[in-house]
Amino acid sequence: MEGKERLRMAITSLKLQDLIEEIRGAKTQAQEREVIQKECAHIRASFRDGDPLHRHRQLAKLLYVHMLGYPAHFGQMECLKLIASPRFTDKRVGYLGAMLLLDERQDAHLLITNSIKNDLSQGIQPVQGLALCTLSTVGSAEMCRDLATEVEKLLLQPSPYVRKKAVLTAVHMIRKVPELSNIFLPPCAQLLHERHHGVLLGTITLITELCDRSPAALRHFRKVVPQLVQILQTLVTFGYSTEHSISGVGDPFLQVQILRLLRILGRNHDESSDTMNDLLAQVATNTDTSRNAGNAVLFETVLTIMDIRSAAGLRVLAVNILGRFLLNSDKNIRYVALTSLLRLVQSDHSAVQRHRPTVLECLREPDASLSRRALELSLALVNSSNVRAMTQELQGFLESCPTELRADCASGILLAAERFAATKRWHIDTILRVLTTAGTHVRDDAVANLTQLIGGAQELHAYSVRRLYSALAEDISQQPLVQVAAWCIGEYGDLLLGGSYEETEPLQVEEEEVLALLEKVLQSHMSLPATRCYALTALMKLSTRLRGDNNRIRQVVSIYGSCLDVELQQRAVEYHTLFRKYDHMRAAILEKMPLMEQGGPQIEEAKASKATAQFPEAAHVPAEPQASKLLNLLDLLDGTSEDDQHPPPLEPSPGGAVVHLLDLPCSPPALVPIPNLKVFEREGLQLNLSFLRPPGTPALLLITATVTNSSGDDVTHFICQAAVPKSFQLQLEAPSGDTVPARGGLPITQLLRILNPNKAPLRLKLRLTYSHFGQSVQEIFEVNNLPVETWQ
């Protein structure tokens, strides 16, 4: 009966070719699933019966089913049986099945270790090739450690077929277990004399992996730089062989791999860099650029020149090659050139400047990724000598650029104008044009920066208010522009009505027109709540600057006393009270704003101390959920037994939670001076901490973190996170921004409130995350040298 059943199963089971035809002939998904389920049942039955003759055929069908995305895990053990079989036909399918069905997540893959070891030592080349391919595909760290010596022996086998596969397996082993580098180090020097193309290419790849992962290997292989230079020179001059040439370029894959290895060996090493300088110049000048293969070799040559300590003339040649890439019709090549030039602009600024017209042409590219890269490079090319021309080009691009690029373009122009402005008038004109063109896309601090700039330029007050009034009369949709204009009109409205200004066209403005324009802003549905507050305040200030009757302003103010917006309503009620009860004080209260100073640690400390003096309850930091997340910032601080104690609950301030301004003391007590502390410095970026302990709350410590940047590149996406032991309470205020301009621009400040009820020594751990010179940086460090005055 068993023989009949087996015969029946063999008859009904399909051959692999018939199964493929039947699956491809299925007209619906359900029909395909039915065919596969039926055949999988036959395959399971055959595996269960243990038929050794047809096992490899059944597994071949199962592998095809697996390639279609259907489950085939029940064939894993059959792979092991076929690998252990002495027949080559079984081993071939078994190893293929192991590569497809097994990986490190299944423990079954360890069972083939002995089979691979036996096959590697048998000396049968096809079987050794199958075992090496499987090991390089599914070999785990344990398997690599067990079989490393076997692979090392095969690296110097006579057969190029086996040597090539052994080299590639060694690459996989080093990636899995870097400490195996010492085993594969000695054979590499001999393999460099290889003439077989596949073995040589694999050897270069193996040496690259070794140098990446082992400093000892890097020092060892710097001795073979002349040999690598000779190999590459032969490729450039004569070519390796005809069958490996592509579009007239001799073996570009091998050239690219050697150039990558030379880049690693020559980095920060003068002797190696000098050895390869002449060769790189030869490759850069003799490579054909009419084909993509030549462009690939040239690009790798440029990257190598950029990374090693190459001669100045060679770096100029590399920049010129990238400049030619910008003229290529292929978008990918232009994108690569823009990205590479962006990396070079800091070190070879003058060489990149020569290609500025071509870079500006790339701004008009319809491809968004190209235009974004061109914008970043254009902004990096701005300096004090070309700021006017570059800003004009960028403003022209801003008017027609895609919406997703407007914010970056506007912010870049504002930063460039702030860093390189020659005159205040040009600076003001530039910002106004940006606000007029893309006001809704500018940074949040653009309004404050412009008002500060105008306030500090007393000779340009009349010019600024006239320019802003004209811009506001034309368009009230750009909210930052409207806010600046409303502020300026409120401050200098008397200059607007005081006759013509000698440097502008005559402008005749009536009081009614100014009031009507501000009322229009108040009533517009496009105005944000903050914009309406600006406009209402401007109207109130005009009540002391205009010579006419203030009844119209009173009516407008009284109307907004019942506004739904709480902030606007509060302002209107307070302004109405000024008219009604304190009219004799209105002129003094609404005087012109004094000149605003640049922010700094002292100002932040003054603000913090003032806030603490006015509102003592603010000193008690509540344990909010968000603050608790900051306290346990990835467990950056290992808590001790003392740290594990939770701080006692904070007592509310006596006499109620609200303290009125009239209850404040006339003179605040003197503050104890605490010296500042520099805690971080890298590539021009510096972080300083200044401290303040309010006398009324000795357990509270206010720390102002000030970030400055003296390098030649902006620090962007800056984030500062902090953690303290559990016996403390920490509250992080929002930072003043996330970009630190280069060359000593406006710093970033952030306030940290730390409550130390036990007066324990303070430990602080900081994590800084930012982008600088095109690279993402993350720094984690502990500050344990805080002054004793901060906690005693």
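Author: Gladly! Let us start with a term: a residue is called buried when its relative accessible area is under 20%. Keep in mind that this is a predicted model.

Reader: What makes F781 count as buried?

Author: F781 has a relative accessible area of 15%, and the cut-off is under 20%, so F781 is buried. F680 has a value of 9%, so F680 is buried as well.

Reader: How many aromatic pairs are there, and why is the pair of W487 and Y492 called edge-to-face?

Author: The count comes to three aromatic pairs. In W487 and Y492 the ring centres are 5.9 Å apart, and the planes meet at 85°. Ring centres must lie within 6.5 Å, and planes over 60 degrees apart count as edge-to-face, so this pair is edge-to-face. W487, at 17% relative accessibility, counts as buried, and Y492, at 4%, is buried too.

Reader: Why is the pair of F680 and F781 called stacked?

Author: Their ring centres are 5.5 Å apart and their planes lie at 10°; under 30 degrees counts as stacked, so the pair is stacked. F680 belongs to strand β3 and F781 to strand β10, so the pair ties together parts 101 residues apart in sequence.

Reader: What covers the buried residues of α24?

Author: The cover includes α22, α23, α25 and α26. Among the buried residues of α24 are L405, C409 and F420.

Conventions. Residues are numbered from 1 along each chain as its sequence is written. This is a predicted model: local features need pLDDT of at least 70, side-chain atom pairs count only at pLDDT 80 or more; totals for chains, interfaces and linings use all residues. Side-chain values use heavy atoms; hydrogens and water are left out. Buried means under 20% relative accessible area, exposed over 50%, partly exposed in between (1.4 Å probe, protein chains only). Helices (H or I, at least four residues) and strands (E, at least two) are DSSP runs, numbered from the N terminus. Contact means heavy atoms within 4.5 Å. Rings of Phe, Tyr and Trp (its six-membered ring) pair if their centres lie within 6.5 Å; planes under 30 degrees apart count as stacked, over 60 as edge-to-face and the rest as tilted.
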